[in-house]
Amino acid sequence: MEHPLKRCARFEKASELMGKRWTGLILRILLAGPRRFGELTDEIGSISERVLSERLKELEAEGVVSRHVDAGPPIRVAYQLTEKGQALWKVVDELSRWAERWVDVKPASAARKRKSA
C-alpha cells in the first residue's frame, strides 16, 4: 500500500520555487499590480539588484511573471503576474495569515545583541 503523502515531484518543484529567499515577497508585491524593477527594489528594501533579477528570471521562466518592455524613451521594464501567478494569491494570502498569527519578529537590535554575546 502506497503512503498518501509520498514524494510528489510537482509539489517538490513548487516548494523549491516558492521557498527561495525573496520569492514570496516579490509575489506579494506583484499581487497588488505591475511594478517596475526599481519599484520592486525600493519596496523590498534589502535585496540586491542581482538577486532580484535572478528571482524575476526564474519566475518568468516558470510562467508566473511576465516582463513588459516599453521602448520609451526612456526604456521602462515592468513585471506583472501572469494568470498562473495570480493563481498563487490564495497561497500568499494564507501564508500572510499564518505569519500574522504565528511569526514573532524581533527588533533588529535584539538579534545583533544575541550574535555579539
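In this predicted model, R36 forms a salt bridge with E39. The closest N and O atoms of the R36–E39 pair are 3.8 Å apart. Both partners are partly exposed: R36 has a relative accessible area of 36%, and E39 has one of 29%. The salt bridges number 10 by the rule applied here.

A second pair joins E58 and K20, whose side chains meet with an N to O distance of 3.0 Å. E58 belongs to helix α4 (residues 49–61), while K20 sits in the loop between α1 (9–18) and α2 (23–31), so this contact ties together parts that are 38 residues apart in sequence. E58 is partly exposed, at a relative accessible area of 23%. K20 is partly exposed as well, at 35%.

Helix α4 also holds a local pair. The side chains of R50 and E54 form a salt bridge, at 2.6 Å from N to O. R50 and E54 are four residues apart in helix α4, and about one helical turn separates them. R50 has a relative accessibility of 56% and counts as exposed, because the cut-off for that class is over 50%. E54, at 33%, counts as partly exposed.

The strands form an open sheet. Three strands make up this sheet, in the order β1-β3-β2, and their pairing is antiparallel. β1 (35–36) and β2 stand at the edges with a single partner strand each, so one side of each is left without a neighbour in the sheet. Strands of a sheet pair through backbone hydrogen bonds, either parallel or antiparallel.

Each pairing can be described in turn. β1 and β3 run antiparallel and are joined by two bridges. On this side of the sheet order, R35 has Y79 in β3 as its bridge partner. Strand β2 (residues 65–70) pairs with strand β3 (residues 76–81) over six bridges, again in the antiparallel sense. D70 stands opposite R76 in β3. The hairpin of β2 and β3 has five residues between the strands. In this hairpin, G72 takes a positive phi near 70 degrees.

The largest pocket has a volume of about 240 Å³. Its lining consists of G24, L25, R28, V92, L95, S96, A99, E100 and V103. Both α2 and α6 supply at least two residues of this lining. The largest share, five residues, comes from α6.

The patch is nonpolar and lies on the surface. L95, W98, W102, V103 and V105 form this patch, with about 580 Å² of accessible area together. W102 lies in helix α6 (residues 89–102). The relative accessibility of W102 is 54%, so this residue counts as exposed.

Notes. Residues numbered from 1 in each chain as written. Predicted model: local features only at pLDDT ≥ 70, side-chain atom pairs only at ≥ 80, totals over all residues. Heavy atoms only, no water. Patch = residues over 30% accessible without salt bridge, like charges linked within 9 Å, V, L, I, M, F, W, Y side chains within 5 Å. Areas by Shrake-Rupley, 256 points an atom, 1.4 Å probe, with all protein chains shown as cover. Salt bridge = Lys/Arg side-chain N within 4 Å of Asp/Glu carboxyl O. Buried < 20%, exposed > 50% of the residue type's maximum accessible area, 1.4 Å probe, protein only. Pairing = 2+ DSSP bridges. 1 Å grid on protein atoms, 1.4 Å probe; cavity = no way out; pocket = protein on both sides within 12 Å on 5 of 7 lines; lining within 4 Å. Points joined across faces, edges and corners; volume = space filled by probe spheres on them.
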